[in-house]
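Please read them with the sequence and the coordinates at hand.

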Amino acid sequence: MKTYIVGNWKMNLTVGESSIYLHKLLKRLKQARGLEVVVAPSLIAIQSLSLQVDRHKIKLAAQNFYHQDYGAYTGEVSISQLRTLVDYAIVGHSERRYIFKETDKDIRAKVAAAIRNGVTPILCIGETASERDFGETKDVLRDQLFGGLSDVSAEDLKKVIIAYEPVWAISSVKGARLASPDDIATSVDLIHKQLKARFGKEVEEQIPVLYGGSVNPSNAGAYLTIPGVNGLLIGGSSLIADHFVDIIDLAKRLRS
Ligand code: PEP
């Protein structure tokens, strides 16, 4: 299985700044076998970056899209409009769930739309601090996982990536704290077990599970070596070129 290093730029960088940053990354990165580097720029920059990017080195992801393919949905952009520009799409990020009130039903429709359009969905799941404190982590992960995947056929499940992102560990969340490798190992193991129980071993073994939450160059090595973790989804640190490249180099070294 590949190692995925995914940077989510969120609502940061202008079109010009995004282009300068991508140029810097492309200059510093070499193609690496087994490593998939992905960046998710703001929607407005995606088209120009798709012309600039070298897809052998870096793939693009959408941060969000609407689940219908076309029609009278003023202000929305569909994944069928984005499909020639991106290879991946982040779905169900906690900021979409909690700020924009996306439900599992909305998320399920987006996962299905991405797959229908040949784009790999990166389905984010993770418990909040209070859900964790109330001992609800297992139930929340199960509900978000199957809430997002229940319309996906067994064959298409192999085209999905899961990102475990405990909301309490995301750097921009007030009072965020670092998740320990043990915390993550327990949840990632739960996710693998739930996938296996529902879809079988053969499918489960093909679904990458990433970790996201305050990853930086100093903790990335510890997170990348957790059994069952196949890569990282990175917010804040992906905006600092030196940090993002350091994490990619580390992932490369760990694979060799
Ligand atoms: C995120 O929001 O998906 C994320 C992982 O952010 P950060 O790395 O800044 O915690």
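**Notes on the strands, the overall fold and the ligand site**

1. Y88 stands opposite T120 in β5. The two strands concerned, β4 (residues 88–91) and β5, pair in the parallel sense over four bridges. Strands and helices here are DSSP runs (E, at least two residues, for strands; H or I, at least four, for helices), numbered from the N terminus, and two strands pair if DSSP finds at least two bridges between them.

2. On provenance, this is a predicted model, in which local features need pLDDT of at least 70 and side-chain atom pairs count only at pLDDT 80 or more, while totals for chains, interfaces and linings use all residues. Residues are numbered from 1 along each chain as its sequence is written, and side-chain values use heavy atoms, with hydrogens and water left out.

3. Strand β5 (residues 120–125) is mostly covered, six of its six residues being buried; buried means under 20% relative accessible area, exposed over 50%, and partly exposed in between, with a 1.4 Å probe and protein chains only. T120, I122 and C124 point one way from β5, whereas P121, L123 and I125 point the other way. In a regular strand the side chains alternate between the two faces of the sheet.

4. The parallel pairing continues from β5 to β6, again over four bridges. Within this pair, C124 has A163 of β6 as its bridge partner. A163 also stands opposite L210 in β7, and three bridges join β6 (residues 161–164) to β7 in the parallel sense.

5. Strand β7 (residues 209–212) has V209 and Y211 pointing one way and L210 and G212 the other, and all are buried. β7 also pairs in the parallel sense with β8 (residues 231–234), over two bridges. Here Y211 has L232 of β8 as its bridge partner.

6. How many helices and strands make up the secondary structure of the chain? The count comes to twelve helices and eight strands. The C-alpha trace spans about 45 × 45 × 40 Å along its principal axes. Buried residues make up 51% of the 256 residues.

7. Which residues come nearest to the ligand? Of the 13 residues around the ligand, these are K10, H93, S171, S214 and G236, where a residue is near if one of its heavy atoms lies within 4 Å. The shell divides into three nonpolar, seven polar and three charged residues, with Ala, Val, Leu, Ile, Met, Phe, Trp, Tyr, Cys and Pro counted as nonpolar, Asp, Glu, Lys and Arg as charged, and the others, Gly among them, as polar.

8. A polar side-chain atom of K10 lies 2.5 Å from a ligand oxygen atom; for H93 the distance is 2.8 Å, and for a side-chain N or O atom of S171 it is 2.4 Å. Taken alone the ligand exposes 290 Å², of which the protein buries 99%; these areas come from the Shrake-Rupley method with a 1.4 Å probe.

9. K10, in the loop between β1 (3–8) and α1 (15–28), has a phi near 50°, a positive value in a residue other than glycine. K10 is buried, with a relative accessible area of 17%. S214, in the loop between β7 and α11 (220–224), likewise has a positive phi, of about 55°, although it is not a glycine.

Definitions and conventions. A polar contact is a pair of N or O atoms within 3.5 Å; within protein, one must be able to donate a hydrogen and the other to accept it, and residues adjacent in sequence count only if both atoms are side-chain atoms.
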